[in-house]
Amino acid sequence: MGIFQRFEKSVEGAVSGVFARAFKGDVQPVEIAARLQRELDAEAKLLSRDKKLVPNDFTVELSQHDHDKLAPYAATLTRELGDELRTHAEDRGYVFSGPIRIDLALDTRLPTGRFTVSSEAVAAVDARGVQQQPAPPEAAPRPAPRTPDAGPRPSARPRELVLEVNGMRHPLTPPGLVIGRGTEADLRINDPGISRRHAEIRVGQSDDGSIDIVDLGSTNGITVDGHKVRHAVLGEGSRIEIGTTRMLVHDPSAR
């Protein structure tokens, strides 16, 4: 039994047998499933000899007509598409960095019968003993440009400095936190490219104390502001990459 046949059978009860008729001549669920599988194959990144990391967050953009047709079945459709992706990943030796999320979005510029897919790997984050605050919908502030004679980044930190990871803010308070994939990490990130105890952010005790990040002997290392480092001083606007996860240090009260 093919993908589309299995799909129709699984949702037949939910949509009273009108599923196939609703999409006749328009974007078919089997087309979306095949395109998502190709996205996994195209974006797979080698982690080890027998494991490849693939995206887990997908946006499927549809025309107005196709979006209107698919929207009533979105919950069932995305659940079944997720099951197909998990099966495909198991067959190919792919690993996800977090739960699969598929969003059906509208793009009024697309003609009927056409759709696009974009994807990224988004790691699941579990902060153990670390306060979390959701980031506001607006984009995180960009760091102020540095002039050539600005000198090194000062070690003093603004008050209320936070580490933003996947839309969640984690206040940077003394003594700091350990980032890793293992259960002993304070900030646990389910990213296959991150070691069990990957890095530690150390926060000074005084209000003007420095903040720095130290590699704890990880396999893939850490990148700060585009440079591979073992140790670095952090400040407003510092951008950290660990595995496939990106983080931003900033002061949310700054304007």
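Please keep in mind that the model is a predicted one.

I begin with the cores. The largest nonpolar core comprises 24 residues. Leu 163, Ile 179, Ile 201, Ile 213, Ile 240 and Ile 242 have the most contacts inside this core. Strand 13, residues 199–203, gives the most to the core, namely 3 residues. A second, separate core has 21 residues, including Leu 40, Phe 58, Leu 85 and Leu 104.

Let us return to Leu 163. Leaving aside residues up to four places away in sequence, Leu 163 touches, among others, Met 168, Leu 172, Ile 179, Leu 187, Ile 201, Ile 240 and Val 249. Arg 169 and His 170 are also among the residues in contact with Leu 163.

I turn next to helix 5, which runs over residues 74–92 and has 19 residues. From its first C-alpha to its last, helix 5 reaches 27 Å, close to the 27 Å expected at 1.5 Å a residue. The buried residues of helix 5 include Leu 77, Leu 81, Leu 85 and Ala 89, and also Glu 80, Glu 84 and His 88. After the helix comes Gly 93, with a positive phi near 75°.

Finally, I consider Ser 218, in the loop between strand 14 (211–215) and strand 15 (222–224). Is Ser 218 buried or exposed? Ser 218 counts as buried because its relative accessibility is 8%, and the cut-off for buried is under 20%. Its side chain makes a polar contact with the side chain of His 198 at 3.2 Å. The side chain of Ser 218 also reaches the backbone nitrogen of Gly 221, at 2.9 Å. Not counting residues up to four places away in sequence, Ser 218 touches Ser 195, His 198 and Arg 230.

Note on methods:
Residues are numbered from 1 along each chain as its sequence is written. This is a predicted model: local features need pLDDT of at least 70, side-chain atom pairs count only at pLDDT 80 or more; totals for chains, interfaces and linings use all residues. Side-chain values use heavy atoms; hydrogens and water are left out. A nonpolar core is a set of buried Ala, Val, Leu, Ile, Met, Phe, Trp, Tyr and Cys residues joined through side-chain atoms within 4.5 Å. Buried means under 20% relative accessible area, exposed over 50%, partly exposed in between (1.4 Å probe, protein chains only). Helices (H or I, at least four residues) and strands (E, at least two) are DSSP runs, numbered from the N terminus. Contact means heavy atoms within 4.5 Å. The expected span of a helix is 1.5 Å times one less than its number of residues. A polar contact is a pair of N or O atoms within 3.5 Å; within protein, one must be able to donate a hydrogen and the other to accept it, and residues adjacent in sequence count only if both atoms are side-chain atoms.
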